[in-house]
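These are my notebook entries from one sitting with the model, written down in the order in which I looked things up.

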Amino acid sequence: MDGTEHLTVRREGATLVLTLNRPEARNALSLAMLVGLHDGWLAADADDAVRSIVLTGAGGAFCAGMDLKALAGDGMAGEEHRDRLKADPDLHWKAMLRHHRPRKPVIAAVEGPCVAGGTEILQGTDIRVAGASATFGLFEVRRGLFPIGGSTVRLQRQIPRTHALEMLLTGRPYSAPEAAAIGLIGHVVPDGTALTRALEIAEQVNSCGPLAVEAVKASVYETADMTETDGLAAELRRGWPVFATADAKEGARAFAEKRAPVYKRA
């Protein structure tokens, strides 16, 4: 996968790194960026050699939200992007992880602003690392707008409702330590090291059984809104088949032989 002019793609071992690459606009979302993100999620899931995804931003910023002019078509590098949106009117929601959840774990590496649409994409990621000077927030109400990327639904499920409502209704910025304190992110690291830490976490994920990792992620999200009884039943349906895989047998052998397992997704 080659990415687009606003979304770069590279491999770090078994990790696919997607970089929002429009630093002159603090990586505000353009149509080219959304197309690149959409294709990146699909490419990662289609490639068994990819076991995790890291999402980050170039130039010391994560994402400053949607660029409405770019989405409308101003300054586009090619009409092929416009054609993609016409062919799939849901593409931008899939790109922003509103209407698509990758099978592979997604780790966010945040530096600088991660606001408005940036914070909305963040809520679609699984593990979150931020530099100490990163900022977060949903500014839409300050502009008379609605955070329609999923925040009124997802945020209250990810952090305590009182904090979710304060973030949504005040539109104020949050520092990285404050975001960590309310549970929006998991790690605060020195500025400039978020990507390094995210790749370290990705490598820990990559060393685990890929079928088990994908099944665990799927179970967590599938059971989130179920009763405990229904959730436990769903967990068995997801989890029990994993024990019959070659990966499970390799994990047991490796443990007995006191060596690192070599997983082949079978």
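Which residue forms a salt bridge with R11, and how far apart are the closest N and O atoms? I found that the partner is D47, with the closest N and O atoms 3.5 Å apart. R11 belongs to strand 1, whereas D47 sits in the loop between helix 1 and strand 3, so this pair ties together parts that are 36 residues apart in sequence. I noted for the side chains that R11 is partly exposed at a relative accessible area of 40%, and that D47 is likewise partly exposed, at 30%. I keep in mind throughout that this is a predicted model.

**Entry: other salt bridges**

I searched the whole structure for such pairs and the search gave 15 salt bridges. One of them joins D67 to R22, whose closest N and O atoms are 2.8 Å apart. This pair links distant parts of the chain, since D67 lies in the loop between strand 3 and helix 2 (68–72) and R22 in the loop between strand 2 and helix 1, 45 residues away. Are D67 and R22 buried or exposed? D67 has a relative accessibility of 18% and counts as buried because the cut-off for that word is under 20%, and R22, with a relative accessible area of 12%, is buried as well.

I then turned to R157 and D225, whose side chains meet in a salt bridge at 2.7 Å, N to O. R157 is part of helix 6 (residues 151–158) and D225 of the loop between helix 10 (210–222) and helix 11 (228–239), so the two tie together parts that are 68 residues apart in sequence.

In what order do the 6 strands of the open sheet run? I read the order as 1-2-3-4-6-9, with mixed pairing. Strand 1 (7–12) and strand 9 (187–189) are the edge strands, each of which pairs on one side only, and on average neighbouring strands of this sheet are turned by 20° against each other, direction ignored. Within the sheet I followed strand 2 (residues 15–20) and strand 3 (residues 52–57), which pair in the parallel sense over 6 bridges; T15 has S52 of strand 3 as its bridge partner.

Next I looked at which helices meet these strands. Helix 9 (residues 194–206) packs on the sheet and touches strands 1, 2, 3, 4, 6 (127–131) and 9, its direction making about 175° with that of strand 3. Helix 1 (residues 31–46) lies across strands 1, 2, 3 and 4 (106–110), and runs at about 175° to strand 2.

**Entry: the chain as a whole**

I counted 12 helices and 9 strands in the protein chain. Its radius of gyration is 19 Å, close to the 18 Å that the globule rule gives for 266 residues, so the chain is as compact as a globular protein of that length. The C-alpha trace spans about 60 × 45 × 40 Å along its principal axes, and buried residues make up 48% of the 266 residues. Of the contacts between residues at least 6 apart in sequence, 67% join residues at least 24 apart.

Notes:
Residues are numbered from 1 along each chain as its sequence is written. This is a predicted model: local features need pLDDT of at least 70, side-chain atom pairs count only at pLDDT 80 or more; totals for chains, interfaces and linings use all residues. Side-chain values use heavy atoms; hydrogens and water are left out. Two strands pair if DSSP finds at least two bridges between them. Helices (H or I, at least four residues) and strands (E, at least two) are DSSP runs, numbered from the N terminus. Axes are lines fitted to C-alpha atoms, for helices over the stretch in contact, and angles run from 0 to 180 degrees between N-to-C directions. Contact means heavy atoms within 4.5 Å. A salt bridge is a side-chain nitrogen of Lys or Arg within 4 Å of a carboxyl oxygen of Asp or Glu. Buried means under 20% relative accessible area, exposed over 50%, partly exposed in between (1.4 Å probe, protein chains only). The radius of gyration is taken over C-alpha atoms; the globule rule is 2.2 Å times the number of residues to the power 0.38.
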